[in-house]
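Visitor: I would like to learn how to read the features of a protein model. Could you take me through one, step by step?

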Amino acid sequence: MRSMTRTRLFVAGAFVVGFGLGWAVKDGHGVVEAQSSDAPFLMQRIYTGTDGRSHVENIPLHADSVMEEVTGMRVRVSPPGSFSDWHVAPGRRYIINLTGGGQLEVAEGKVDLPAGSVEYIDDLTGQGHTTANVGNAPRVSIHLEFADQNQHIGPLGNGQ
């Protein structure tokens with residue numbers, strides 16, 4: 001029970017850090033506001049469409065958002081210029097980008113993953129997506145693995 005409490009505290013802390021970074025992002029000229037205070041914080045959901053390709057949709061996060069039980073956490077460090085060719089996710093998970101210039105490619109094109117962004121990775125079948133670090137520094141991200149792999153989060157656009 002104690003380890004579950006620690007895990008929940010860590011996950012809560014990771015989300016606070018991720019969301020905090022989402023509100024203010026360094027751009028080389030100082031700190032700029034990433035999203036207006038009137039707009040909800042948006043998470044990007046990467047999912048498999050009926051066409052077998054991966055797509056992206058924005059999901060607002062707020063007090064009523066689904067809470068997930070997390071069974072595992074990994075910190076990943078991707079060096080500048082790293083690239084992972086087309087692949088599907090090994091399981092549903094959140095990815096919180098702490099640093100670096102990550103980028104995914106899906107059916108709609110390239111999706112930037114700036115520091116502070118949060119993704120819900122849900123493309124378990126089909127063509128998948130590519131992942132790249134297009135920044136000049138290592139990309140550090142936290143991957144939170146869900147206990148319930150059947151849970152679907154978000155508006156699930158296009159009937160997904």
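Guide: Gladly. Let us begin with surface patches. Patches are made of residues with over 30% relative accessible area and no salt bridge, and nonpolar side chains are joined within 5 Å. Please keep in mind that this is a predicted model.

Visitor: Which residues make a nonpolar surface patch here?

Guide: M73, V75 and V77 make one of about 260 Å². V77 sits in strand β5, and with a relative accessible area of 56% this valine is exposed.

Visitor: Now the sheet. What is the order of its strands?

Guide: The sheet is open and has six strands, in the order β4-β3-β10-β7-β12-β5, with mixed pairing. At the edges are β4 (54-61) and β5 (70-78), each of which pairs on one side only. From one strand to the next, the twist averages 25°.

Visitor: How many bridges join strand β7 to strand β10?

Guide: Four bridges join them, and the two strands, residues 93-99 and residues 118-122, run antiparallel.

Visitor: Let us turn to rings. How is a pair of aromatic rings described?

Guide: One gives the distance of the centres and the angle of the planes. The structure holds three aromatic pairs. Among them is the tilted pair of Y94 and Y120, at 6.1 Å centre to centre with 55° between the planes. That pair links distant parts of the chain, since Y94 is in strand β7 and Y120 in strand β10, 26 residues apart. Both Y94 and Y120 are buried.

Visitor: What kind of aromatic pair do Y94 and F146 form?

Guide: Theirs is edge-to-face, with 4.7 Å centre to centre and 75° between the planes. Y94 belongs to strand β7 and F146 to strand β12 (residues 139-146), so this pair ties together parts that are 52 residues apart in sequence. Y94 and F146 are both buried. Through ring pairs, Y94, Y120 and F146 are linked into a cluster.

Visitor: What about charged side chains?

Guide: Side chains of opposite charge can pair when their charged atoms come close. The count here comes to five salt bridges. In one of them, D122 pairs with R45, and the closest N and O atoms are 2.7 Å apart. D122 lies in strand β10 and R45 in strand β3 (residues 41-48), so the pair ties together parts that are 77 residues apart in sequence.

Visitor: Are D122 and R45 buried or exposed?

Guide: D122 counts as buried at 5% relative accessibility, and R45 is buried with a relative accessible area of 2%.

Visitor: Which residue forms a salt bridge with D122 at 2.4 Å?

Guide: That is R92, with 2.4 Å between the closest N and O atoms. R92 lies in the loop between β6 (83-87) and β7, whereas D122 is in strand β10, so the pair ties together parts that are 30 residues apart in sequence. R92 is buried, as is D122.

Guide: One more salt bridge joins the side chains of R93 and E145, at 3.6 Å from N to O. R93 is in strand β7 and E145 in strand β12, 52 residues apart. Both R93 and E145 are buried.

Visitor: Which residues do salt bridges that share partners join into one network?

Guide: R45, E57, R92 and D122.

Notes:
Residues are numbered from 1 along each chain as its sequence is written. This is a predicted model: local features need pLDDT of at least 70, side-chain atom pairs count only at pLDDT 80 or more; totals for chains, interfaces and linings use all residues. Side-chain values use heavy atoms; hydrogens and water are left out. Two strands pair if DSSP finds at least two bridges between them. Axes are lines fitted to C-alpha atoms, for helices over the stretch in contact, and angles run from 0 to 180 degrees between N-to-C directions. Patches are made of residues with over 30% relative accessible area and no salt bridge: like charges are joined within 9 Å, nonpolar side chains (Val, Leu, Ile, Met, Phe, Trp, Tyr) within 5 Å. Accessible areas come from the Shrake-Rupley method with a 1.4 Å probe; for residues, only the protein chains shown count as cover. A salt bridge is a side-chain nitrogen of Lys or Arg within 4 Å of a carboxyl oxygen of Asp or Glu. Buried means under 20% relative accessible area, exposed over 50%, partly exposed in between (1.4 Å probe, protein chains only). Rings of Phe, Tyr and Trp (its six-membered ring) pair if their centres lie within 6.5 Å; planes under 30 degrees apart count as stacked, over 60 as edge-to-face and the rest as tilted.
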